[in-house]
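My notes follow in the order in which I looked.

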Amino acid sequence: METSSSTHHIVESLTRAIVEHRLHPGAKLAEQKLADHFGVSRTLIRQALFQLSQHRLIRLEPARGAFVASPSVEEAQQVFAVRRMLELEMVRTLVREITPAKLKVLRAHVAEEKKAVSANDVPSRNELLGDFHVRMAELTGNQVLADMLGELISRCALITLVYQTRSAAEHSNDEHLEIVKALAAKDEERAIQLMDEHLSHVMDNLTFTRRPPSHDIAQALA
């Protein structure tokens with residue numbers, strides 16, 4: 001019987017295939033091939049594909065179908081440029097308003113990141129690494145900033161999900177910890193420098209080299 005758990009299984013399987021580089025950016029996701037592979041109806045496949053499009057992992061094109069999303073290098077560069085403008089000023093504000101309670105929140109978040117990285121939980125690690133920045137914005141008390149940064153992080157989600165390696169993720173976690181230490185020391189200059197370097201490192205460590213997309217659904221999902 002087709003249930004919501006079946007949809008969840010399809011979403012999880014396709015997500016793993018994308019983040020583990022078995023389905024590449026631009027690959028077409030044919031509904032009938034997916035339906036045959038999972039042994040379900042095309043209606044259920046459409047539901048799963050819609051959920052994935054909401055997560056920005058795929059794009060749905062009228063009359064053409066579903067494709068694994070292909071964030072461009074230019075898009076990534078522009079997103080990170082805007083993030084740098086916002087986040088350096090965010091750090092300047094936060095370091096002046098830091099409290100033991102706020103530090104406790106950030107330290108707990110960094111600890112969760114480390115667990116996800118150590119477990120090689122790719123979706124969770126990337127969600128947590130992105131949320132660290134939104135959490136900092138929230139701690140400034142500026143909800144408009146938090147909302148704007150949240151939208152930018154969402155646009156970065158697929159970029160990092162697909163192109164960030166485990167070693168780069170570990171490095172990001174380490175850098176987050178150093179930023180928190182600078183905040184604790186109320187060292188404004190160092191905190192800003194660390195955030196600037198961190199965003200540069202994340203961008204520099206994205207691997208945009210792509211192989212041709214896999215068109216064999218069964219092979220990609222095996």
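Contact means heavy atoms within 4.5 Å, while helices (H or I, at least four residues) and strands (E, at least two) are DSSP runs numbered from the N terminus.

I noted that this is a predicted model, in which local features need pLDDT of at least 70 and side-chain atom pairs count only at pLDDT 80 or more, whereas totals for chains, interfaces and linings use all residues. Residues are numbered from 1 along each chain as its sequence is written, and side-chain values use heavy atoms, with hydrogens and water left out.

Entry 1, the sheet. I found 3 strands in an open sheet, ordered β1-β3-β2 with antiparallel pairing; two strands pair if DSSP finds at least two bridges between them. β1 and β2 stand at the edges with a single partner strand each, so one side of each is left without a neighbour in the sheet. I counted 2 bridges between β1 (residues 28–29) and β3 (residues 65–68), and 4 bridges between β2 (residues 58–61) and β3. F67 in β3 has K28 opposite it, and R59 also stands opposite F67. The hairpin of β2 and β3 has 3 residues between the strands, and A63 in this turn has a positive phi of about 70°.

S53 belongs to α3, which spans residues 42–54. Is S53 buried or exposed? S53 is buried, with a relative accessible area of 17%, since the cut-offs are under 20% for buried, over 50% for exposed and partly exposed in between (1.4 Å probe, protein chains only). Its side chain reaches the backbone oxygen of F50 at 2.5 Å, and, leaving aside neighbours within four places in sequence, S53 is in contact with I58 and L60.

I recorded 25 residues in α4 and a reach of 35 Å from the first C-alpha to the last, close to the 36 Å expected, where the expected span is 1.5 Å times one less than the number of residues. Its buried residues include F80, R83, E87, M90 and L94. R84, also in α4, is partly exposed at 25% relative accessibility. Not counting residues up to four places away in sequence, R84 touches D196, L199 and S200. The C-alpha atoms of R84 and M195 are 8.3 Å apart, although 111 residues separate them along the chain.

I took a nonpolar core as a set of buried Ala, Val, Leu, Ile, Met, Phe, Trp, Tyr and Cys residues joined through side-chain atoms within 4.5 Å. The largest has 37 residues, of which M90, L106, M136, L183 and M195 touch the most other members. Among the elements giving two or more residues to this core are α4 (73–97), α6 (122–139) and α9 (188–204), and α4 gives the most, with 9 residues. Beyond four places in sequence, M195 touches E87, L88, M90, V91, H133, M136 and I179. A second, separate core of 22 residues includes A35, F38, V68 and L221.

Methods: Polar contact = N/O pair within 3.5 Å; in protein donor to acceptor, adjacent residues only side chain to side chain.
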